[in-house]
Amino acid sequence: MVTVNIDGKNVEVLEETSILKAAESAGIWIPTLCYSELFEPYGVCRLCTVEVIRGKRSRLVTSCNYPVREGLTVLTNSDKVKWIRKLIMELTYSRWPNVPVVKDMAAALGVSEPRFKSLEQDLAPDACILCGNCVNICRDVVKASVLSFEGIGIGRKVVLPYNEQSETCIVCGACAQVCPTGHIKIKSLEKERGALQDWYLGPKTAINIPTLQAVPRVPIIDEKSCIKMQTGGCGVCSTYCEPEAINYEAKDEEIEIEVGQILITTGYQTIDLKQMSQYGYGRLDDVYSSLEFEHMLNSTGPTGGTILCKDGSEPRAVGIVHCIGSRDENFHKYCSRVCCMYALKFAHLVKDRTPAEVYQFYIDMRAFGKGYEEFYKRLLDEGVNMIRGKVAEISEGYLNNGDKPYLNIKCEDTLIGKFREIPVDMVILCPAIEPQFDASNIKKIFSISQSPDKFFLERHPKLDPVSTMTDGVFIAGCAQGPKDIPDSVAQASAAAARILSLISLGEVAVDPIKAEVMDEYCSGCRMCNSLCPYSAISFQEEKKISYINDMLCKGCGTCVSACPASAIIGKGFTDKQILAELEGILSV
Amino acid sequence: MAYRTYLMVCAGTGCVANQSMKIKEAFEKELEKRKLQNEVSVVTTGCNGFCGVGPIMVVQPDGIFYQLLKVSDIPLLVEEHLIKGRPVKKFMYIPGEKEPPIPKMRDIDFFKKQMLIALRNRGLIDPEKIEEYIARGGYSALAKALTEMTPDGVLDEIKKSGLRGRGGGGFPTGVKWETMRKVPGDKRYVICNADEGDPGAFMDRSIIESDPHAVIEGMLIGAYAMGSSDGYVYIRNEYPIALERLKKATGQAREFGLLGENIFGTDFKFDIKITRGAGAFVCGESTALMASIEGRPGEPRAKYIHTVEKGLYDSPTCLNNVETWANVPQIILKGAKWFTSIGTGDVTHDPWGGSKGTKVFSLTGKVVNTGLVEVPMGITLKEIIFDIGGGIKDGKRIKTVQTGGPSGGFIPESMLDLPVDYDELTKVGSMMGSGGMIVADEDNCVVDMAKYFLTFTQEESCGKCTPCREGTKRMLDILENITVGKGTEEDLELLEELSNMVVESSLCALGGSAPNPVLTSLKYFRDEYLVHVRDKKCPAHACRQLNVYTIEEEKCATVGHGCDMCKKSCPDYAIMGEPKKAHYIDQMKCHKCGACFDVCNFKAIKIE
Amino acid sequence: MAKITIADLEKIREESRRTLVLREGAGRAKITVHMGTCGIAAGARDIMSAVLKEVEERELSDIIVTNSGCAGLCSKEPMITVELVNFPAPVKYIEMTPGKIKQIFDSHIMKEQIVKEYALAIGSEMTH
Amino acid sequence: MEQEEKEFNPKIVAFLCNWCTYTGADLAGVSRLKSSPCVRIIRVMCSGRVDPSFVIKAFKQGADGVFIGGCHIGDCHYSEGNYKTLRRVEFMKIFLEEFGIDPRRLRLEWISASEGDKYAATTLDFEKQIRELGPIQLVEV
């Protein structure tokens with residue numbers, strides 16, 4: 001620790017701290033214009049000049065980067081210091097009179113009218129005052145070094161390379177944030193870096209909590225827009241995290257766990273609505289997928305639960321369209337089972353929260369579950385317009401006074417046998433549920449099979465819907481097919497029960513079908529060794545014969561038929577048995 | 001091949017510009033013709049210093065000094081001097097109109113009062129031959145240091161010698177080396193600052209051109225004392241000949257094993273990289289120079305942590321000027337006591353106590369003998385200007401002498417008895433600086449000169465810190481107003497206030513010294529400023545906007561036989577008059593550009 | 001050039017000492033060969049080369065050899081003047097031949113004894 | 001009783017892999033699909049269990065056609081069994097010809113557990129093919 005006398009007060013501070021920081025800790029204000037905590041002080045505005053006395057020599061130094069030394073006396077307000085600050089301020093003020101930061105500082109230092117007029121005067125309120133903050137943060141903290149100074153002397157100014165949008169700029173916005181006069185502006189580019197999470201309906205900072213109801217509710221770092229990940233710079237979040245919980249090097253690790261049973265509940269994904277251009281998803285404003293609308297309804301969502309169009313106005317009419325991509329020749333023939341009910345829930349909530357008119361476009365209302373039909377009846381009473389028919393197209397329509405365009409839903413109302421066009425402000429599409437895009441990989445890994453609609457195939461549709469052909473691998477939930485939450489929960493419990501039953505047994509009943517080598521017949525040709533996919537057959541050097549480890553053997557019998565000396569018996573399917581069968585079936 | 005005579009042809013930049021290379025070829029051709037090429041050898045040497053009378057050739061061993069040679073003079077000279085052995089008076093140095101020419105170089109007063117340490121080999125050796133440098137005792141100081149002395153011993157010798165930085169700061173070299181030595185760190189750098197950005201200064205250039213090995217040997221000794229193995233020479237790209245000779249010298253030194261690994265068989269390792277400066281004056285400042293070497297733009301940084309602790313690539317770095325390095329070998333060879341016998345003050349206890357050794361000045365301006373002079377510290381300005389410099393041209397009266405380049409100050413005539421050393425010059429507000437010394441006579445306007453120097457430093461300001469960037473521009477605007485007659489008396493107070501502010505609060509030495517010319521000219525020549533401000537007149541007629549141009553009837557040649565040179569030259573058509581009659585200038589239209597004055601051969605234009 | 005040692009330094013200095021001493025004009029003795037028109041006609045050129053050969057052979061590093069105009073006594077050309085630094089008066093020798101030059105070097109230059117039979121006079125204008 | 005006048009009922013022996021084709025056959029049955037009645041099924045754990053000697057024995061004992069059904073390549077429950085079968089069937093087709101049996105009487109198909117319809121269609125097609133070939137004539141040696 002070093003003690004320093006500032007304006008008569010003795011202040012004790014760490015080594016290497018600057019006078020400015022020491023004075024601040026003692027509550028003494030020193031004016032600064034180009035100082036910033038985030039990088040090494042640049043010391044160019046010279047406003048922080050103070051008088052330093054060591055031994056008999058006194059001199060003026062900038063306090064922002066002068067390291068404190070033992071036995072230093074500092075005068076932050078001597079006449080000389082006041083005179084110097086006033087004059088420097090006069091210079092700066094005469095060049096940039098309308099910049100708020102400069103105007104306030106000039107007022108604070110008692111500089112009213114500069115005695116001279118700068119020939120390079122810049123009257124813009126957001127003029128660049130050459131403080132160099134943007135250049136320094138871009139070079140030292142963000143480490144992208146995009147901005148730099150050009151020219152020397154009075155002609156010095158901050159430039160982008162070749163004055164064009166630079167490739168290395170990662171649009172982190174640090175320069176705009178640190179610029180004291182707002183000279184640097186960030187405008188949206190056609191290709192956004194750090195992709196906006198479109199269906200979270202809002203821009204994201206690089207480190208964010210997805211939603212307040214996220215489980216677990218902890219911040220995550222979006223790799224694409226995080227400066228530290230991109231260029232190794234910044235790292236500001238780790239300075240503010242007291243428990244120092246941020247580890248930038250943490251990468252996904254693959255951990256291997258030995259398990260007895262595997263339950264596959266990989267769930268589903270919704271169909272990509274952009275394929276169906278007739279509904280205008282992604283092209284027209286206010287056409288939402290059900291998941292986006294669900295997020296909007298959520299109180300922690302971007303709109304805090306209120307239903308708003310993209311431009312912030314309340315919708316006057318809302319259209320909810322069922323079976324988008326389900327029960328559809330071109331996409332999925334199967335019914336996604338859950339859409340009708342959540343669509344009704346949407347209709348009820350819209351009715352509840354807004355005075356808007358609600359139109360529901362369905363093919364068949366499948367309210368199959370317990371209490372579902374009653375809910376449907378209730379909605380009819382609440383005045384939801386139910387239109388039985390497929391929606392042909394959603395397009396933009398313009399009222400005569402030409403303000404906000406509305407959405408025009410063209411559909412066929414099969415109950416009254418007419419084509420209708422319904423004007424609404426917002427449309428919600430209920431996308432089909434389809435297996436995850438990488439379902440075929442999962443199938444290969446666990447050697448289970450898929451049904452024609454690509455969901456995983458259960459061992460038996462009626463009697464054993466949660467287990468698969470492969471022992472020890474179970475499936476549950478939408479991975480096995482579209483279903484709603486009650487069904488998924490039921491299946492999950494069933495699968496868990498099956499697994500627990502095996503686990504509680506303590507040992508696993510290995511099915512008897514195995515292969516075995518008869519020592520006397522085996523000639524040690526080792527043909528079968530490389531054959532076995534489970535490498536269950538190994539060679540006994542001392543006896544010069546192969547033997548089968550019956551824990552590993554799955555009993556497929558490939559080795560039995562391949563053995564030239566038929567020295568391997570396939571228990572359960574011995575040659576004799578099969579030949580006897582053969583004889584039997586051909587004898588008649 | 002025993003030569004009996006050597007023709008030492010000067011090959012400094014000044015003389016080369018005046019075709020001294022052609023003269024060398026002419027000599028060789030002529031000697032060939034006269035079959036004397038085996039007896040007489042032609043040697044190109046570094047700059048002799050007397051650039052005002054180049055091209056120069058000195059015949060040795062006779063010591064005869066020939067000046068202002070032309071290719072056409074060569075046959076006569078060879079015939080007379082080399083064949084008949086009769087020195088040719090026509091080409092000798094003539095001190096004044098009526099005085100006899102002085103044959104011997106030693107007797108010419110330009111050389112008599114000089115004492116050569118840094119320039120001891122100038123004119124005597126061919127800088128591109130290392131053998132000649134060694135012949136005159138070169139690298140023996142290094143041998144002595146490496147084998148007979150310890151690094152501390154070398155350091156102590158330099159400290160005791162009282163040698164101070166020749167770059168302008170005058171910081172005691174011994175103290176600097178000692179601090180550098182104490183700082184830990186395996187990667188340590190030694191830099192030679194040959195940027196020499198001052199306009200009109202060519203000391204470092206001549207030292208490198210005449211004796212590059214002296215600098216290399218000095219750096220080797222310094223590196224040995226401070227434990228560094230990496231050296232840089234930061235040299236201006238605008239010095240092609242010096243750059244060329246430095247490259248040859250380092251090459252030869254490397255070939256001779258004087259640079260590289262285990263020099264003289266010891267485990268001392270040192271090599272020099274040459275970095276070329278791109279001509280920014282600010283890069284003469286140490287931290288800006290280091291930023292430039294590191295490839296970053298040349299911007300100085302605060303020196304609250306000295307570069308000897310954290311310099312190039314954040315490692316300890318010792319930067320010294322060319323002349324400082326060139327002095328080191330002699331100090332080691334002849335010992336500190338010899339060095340302290342030259343110069344002023346007493347440095348036994350306090351290294352700041354005096355200015356020891358010699359200083360090279362580039363004496364230019366309105367002096368008769370312009371050139372490079374190396375004089376012992378403590379010599380008075382009067383001796384330099386009048387004895388060495390041969391007084392003022394065309395017998396005019398001296399007004400002031402400006403020392404220290406564009407950041408130096410004006411010293412009035414009344415102070416010419418001032419002994420030249422660091423402390424005396426700083427006391428009167430000027431500074432030793434790099435060694436530029438510009439003499440001005442009564443025809444020079446101090447305000448105009450101050451404006452010229454300030455324009456230079458303002459243009460070269462890197463613009464990083466507000467006081468220097470904005471302050472110098474405002475000062476320049478005020479000076480401009482004064483020189484066009486729009487200045488007021490308050491302007492002078494404001495000018496002084498701004499100058500003090502820029503000196504006190506600028507980040508680096510450029511800003512810190514740029515106002516010196518203004519401050520000293522205000523201090524010693526305030527009356528001239530007042531004339532400019534009050535009477536809107538410029539006594540020296542240098543500030544043209546303040547002049548009134550009229551044509552003197554009697555002198556004007558148009559009367560009688562017609563000549564309208566001035567009429568044709570005037571851009572504003574302000575001069576009227578019928579042919580064969582006296583012309584007159586219409587004061588309304590005249591923009592006082594002074595073209596007519598320059599053109600009139602009959603001096604008929606009168607300026608008040 | 002391999003890595004030089006301090007001994008090499010000495011050797012180089014010795015080798016080129018001769019050229020440099022001359023350049024500084026600090027020689028032990030000075031031989032002036034009078035080469036006026038008459039001198040040249042009388043063969044001063046060969047005398048000059050003889051003198052230079054002597055200097056080279058004996059590797060004398062501090063002998064200054066210059067030439068000058070006619071000494072005035074054309075009948076006795078070719079003539080040379082020999083001056084020794086520590087021997088004030090210059091000595092003029094007349095009717096020189098390469099052989100005589102050798103004798104002068106042996107006695108006058110090396111042993112500082114004047115060769116009387118060839119000397120014309122001792123002491124004349126001091127050109128040193 | 002001349003077998004020839006009576007309408008020719010081909011006897012087709014089918015070795016079906018338990019995990020895929022056998023289950024497919026079961027699914028065909030459950031889905032009430034029409035498949036060939038003259039197919040007599042022998043269940044094996046994997047198509048790789050089918051020993052070439054079984055095929056020869058089947059033809060020897062009067063089978064008019066032999067059908068082997070296995071999982072699709074990559075789907076095999078034992079991961080590599082069907083690769084071995086593919087090799088063996090190619091090999092068997094060669095030596096059946098040497099025994100004077102038309103190689104088209106042996107057929108290998110990959111039918112997964114969900115392809116009940118494919119199982120039915122394949123058996124009907126194979127039956128039609130065997131009918132065209134007529135009953136098997138073995139040359140007594």
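Modeller: Helix axes are lines fitted to C-alpha atoms over the stretch in contact, and angles run from 0 to 180 degrees between N-to-C directions. The model discussed here is predicted.

Colleague: At what angle do H2(A) and H17(B) pack, and how far apart are their axes?

Modeller: Helix H2 of chain A, residues 79-95, meets H17(B) at an angle of about 75°, and the axes are 10 Å apart.

Colleague: Why are H2(A) and H17(B) called roughly perpendicular?

Modeller: Angles of 65 to 115 degrees count as roughly perpendicular. The angle here is about 75°, and H2(A) and H17(B) are therefore roughly perpendicular to each other.

Colleague: Which residues make the contact?

Modeller: H2(A) contributes Ile88(A), Leu91(A), Thr92(A) and Arg95(A), while H17(B) contributes Thr466(B), Pro467(B), Glu470(B), Gly471(B) and Arg474(B). By class, this contact has 3 nonpolar, 3 polar and 3 charged residues.

Colleague: What makes a residue of chain B count as in contact with chain A, and how many residues do so?

Modeller: The C-beta atoms of the two residues, placed from the backbone, must lie within 7 Å. On that criterion, 24 residues of chain B are in contact with 26 residues of chain A. Helices H16 (446-460), H17 (466-483) and H18 (489-505) of chain B each give two or more residues to this side. The largest share, 8 residues, comes from H17(B). The side of chain B divides into 9 nonpolar, 6 polar and 9 charged residues.

Colleague: How many residues of chain A are in contact with chain D?

Modeller: There are 28 residues of chain A in contact with 29 residues of chain D. The largest share of the chain A side, 8 residues, comes from H14(A).

How values were computed
Residues numbered from 1 in each chain as written. Chains lettered and ligands numbered in written order. Predicted model: local features only at pLDDT ≥ 70, side-chain atom pairs only at ≥ 80, totals over all residues. Helix = DSSP H or I, 4+ residues; strand = E, 2+ residues; numbered from the N terminus. Nonpolar A, V, L, I, M, F, W, Y, C, P; charged D, E, K, R; others polar. Parallel < 35°, antiparallel > 145°, perpendicular 65-115°, else oblique.
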